[in-house]
Amino acid sequence: LQGIFVLGLPYALLHSGYSGLLLIVLAAALCCYTGKILIACLYEENEDGQLIRVRDTYEDIANACCKKLSPSLGGVVVNVTQVVELIMTCILYLVASGNLLSHSFPYVPMTEKTWSVIAFVTLLPCVFIRTLKIVSKLSQLCSLFHFVIIFVVITYCLTQMHQWSWAKFRLSLEFEDFLVSVGVIIFSYTSQIFLPTLEGNMKNPGEFRCMLNWTHFFACILKTTFALTAFLTWGEKTKEVITDNLPSFLETLVNLCLLTKALLSYPLPFFAATEIVYSCISKDSHSNYRSPLLALTVRGSFLLLTLLMAMFTPHFALLMGLSGSVTGAAMTFLLPSLFHLKLKWKKLSFLEKCADISVFILGFLCSLAGIVCSIKGLLEVFG
């Protein structure tokens, strides 16, 4: 999903001007910070003052925070939020695949929905994915195609340096357009859902904070370079997806790379969503929830659900914006800061408390603004 958001960064700069460059840096810092405090919630000090990992998942953190109200309330809320966001992400990949195929082969008399069905057929093997190892290999290929796309766009932009002009940046901003830019920039960094599992599977978890610092640093540099060079090249003509600005021969190549990236990206959120469901079933049932038949049934049901929603949900982009404003902001800003305050309050310094509270307020405002804009868009469409 980050790859898709990255392609919208130049368009975000069009509507945010110089503040967009600052937002790219600020979003990297905030998402890196919330990732760290989320992982900190997995640990508690023992009698000797050593940090011990006493929780394994986002759900465990939520249950620890809400245990006085209900032993499982927090976990249920987090799981539902995660599954909704992951399913919506999977649907977005299908919708994007159909759109990319229709643009890559405009002379073939097929609708975007038909192309989405063809993309869906290529994803059927996902029902047989049982381990994270397979998903990680697919994600490595996905990253390779992502860098190819970025490299092609930046290389083309560098050939157009003679027409660059800083005068293309605007100082005056439209508030609603600025909010759209904020959403695109912030959610191009989100990864909190996967961090507890990632940290738990590291050979040396002590290097997690260093890893998070460097990955967000390089992501910030790459995204700033990409967004800046693309916007300086096309200026006011910058389109929502920057590949639409490329010459036709490059656009087709990049669209096919994007299609491959979208299909390779699908297994990660799909696998994560089914694993959450498996975990819930194992707690609520004494049966063998890992039986092959049940595994195929759950995965097949999830796969079919994403296709049906991609095919029959009207104005999915607006609905995605609405759900993303709720689930994305909650998982990235609201819950990590809230959980950190709840579990570590007595050990936090005054500045750390202020930082957590500020992140929570910022996340709430971003979520509220996104909800208002999405609902307004839906009302205009259906009105």
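**Notes on the helix packing**

1. Let's start with Leu13, which sits in helix H2. A word on labels: helices (H or I, at least four residues) and strands (E, at least two) are DSSP runs, numbered from the N terminus. Keep in mind that this is a predicted model, where local features need pLDDT of at least 70 and side-chain atom pairs count only at pLDDT 80 or more, while totals for chains, interfaces and linings use all residues. Residues are numbered from 1 along each chain as its sequence is written, and side-chain values use heavy atoms, with hydrogens and water left out.

2. Is Leu13 buried or exposed? Leu13 counts as buried, because its relative accessibility is 1%. The cut-offs are under 20% relative accessible area for buried, over 50% for exposed, and partly exposed in between (1.4 Å probe, protein chains only). Setting aside residues up to four places away in sequence, Leu13 touches Gly20, Leu21, Phe169, Ala227, Leu228 and Phe231; contact means heavy atoms within 4.5 Å. Leu13 and Val83 are 70 residues apart in sequence, and their C-alpha atoms are 31 Å apart in space.

3. The rest of H2 (residues 9–16) is mostly covered too, with seven of its eight residues buried. Those are Leu9, Pro10, Ala12, Leu13, Leu14, His15 and Ser16. Just after H2 comes Gly17, with a positive phi of about 60 degrees.

4. Helix H4 (residues 58–65) is also mostly covered: seven of its eight residues are buried. Among them are Glu59 and Asn63, and both of these residues turn up again where H4 meets H5. H4 and H5 pack at an angle of about 145 degrees, their axes 6 Å apart. Axes here are lines fitted to C-alpha atoms, for helices over the stretch in contact, and angles run from 0 to 180 degrees between N-to-C directions. On the H4 side the contact uses Tyr58, Glu59, Ala62 and Asn63; on the H5 side, Leu73, Gly74, Gly75, Val78, Asn79 and Gln82. By class, the contact of H4 with H5 has four nonpolar residues, five polar and one charged. For the classes, Ala, Val, Leu, Ile, Met, Phe, Trp, Tyr, Cys and Pro count as nonpolar, Asp, Glu, Lys and Arg as charged, and the others, Gly among them, as polar.

5. H5 (residues 73–104) also packs with helix H13 (residues 292–312): their axes come within 9 Å and cross at roughly 60 degrees. That angle makes H5 oblique to H13. Angles under 35 degrees count as roughly parallel, over 145 as roughly antiparallel, 65 to 115 as roughly perpendicular and the rest as oblique. The crossing of H5 and H13 is right-handed; the near helix is turned from the far one by less than a right angle, anticlockwise for left-handed and clockwise for right-handed. Val83, Ile87, Met88, Cys90, Ile91, Leu94 and Val95 of H5 meet Phe302, Leu305, Thr306, Leu307, Met309 and Ala310 of H13. This contact of H5 with H13 has twelve nonpolar residues, one polar and no charged ones.

6. Ser116, in helix H6, is worth a look next. Ser116 counts as buried, because its relative accessibility is 5%. Which residues does Ser116 contact, leaving aside its neighbours within four places in sequence? They are Leu94, Val95, Gly98 and Leu307. Leu94, Val95 and Leu307 also take part in the contact of H5 with H13.

7. Pro109 counts as exposed, because its relative accessibility is 79%. Pro109 and Asn63 are 46 residues apart in sequence, with 52 Å between their C-alpha atoms.

8. Helix H7 (residues 132–158) and H10 have axes that come within 9 Å and cross at roughly 40 degrees, and are therefore oblique to each other. Their crossing is left-handed. The contact of H7 with H10 divides into ten nonpolar residues, three polar and no charged ones.

9. Thr229 lies in helix H10 (residues 208–234). Thr229 is buried, because its relative accessible area is 8%. A polar atom of the Thr229 side chain lies 3.1 Å from the backbone oxygen of Phe226. Not counting residues up to four places away in sequence, Thr229 touches Ile154, Cys157 and Trp164. Ile154 and Cys157 are also among the H7 residues that meet H10.

Methods: Polar contact = N/O pair within 3.5 Å; in protein donor to acceptor, adjacent residues only side chain to side chain.
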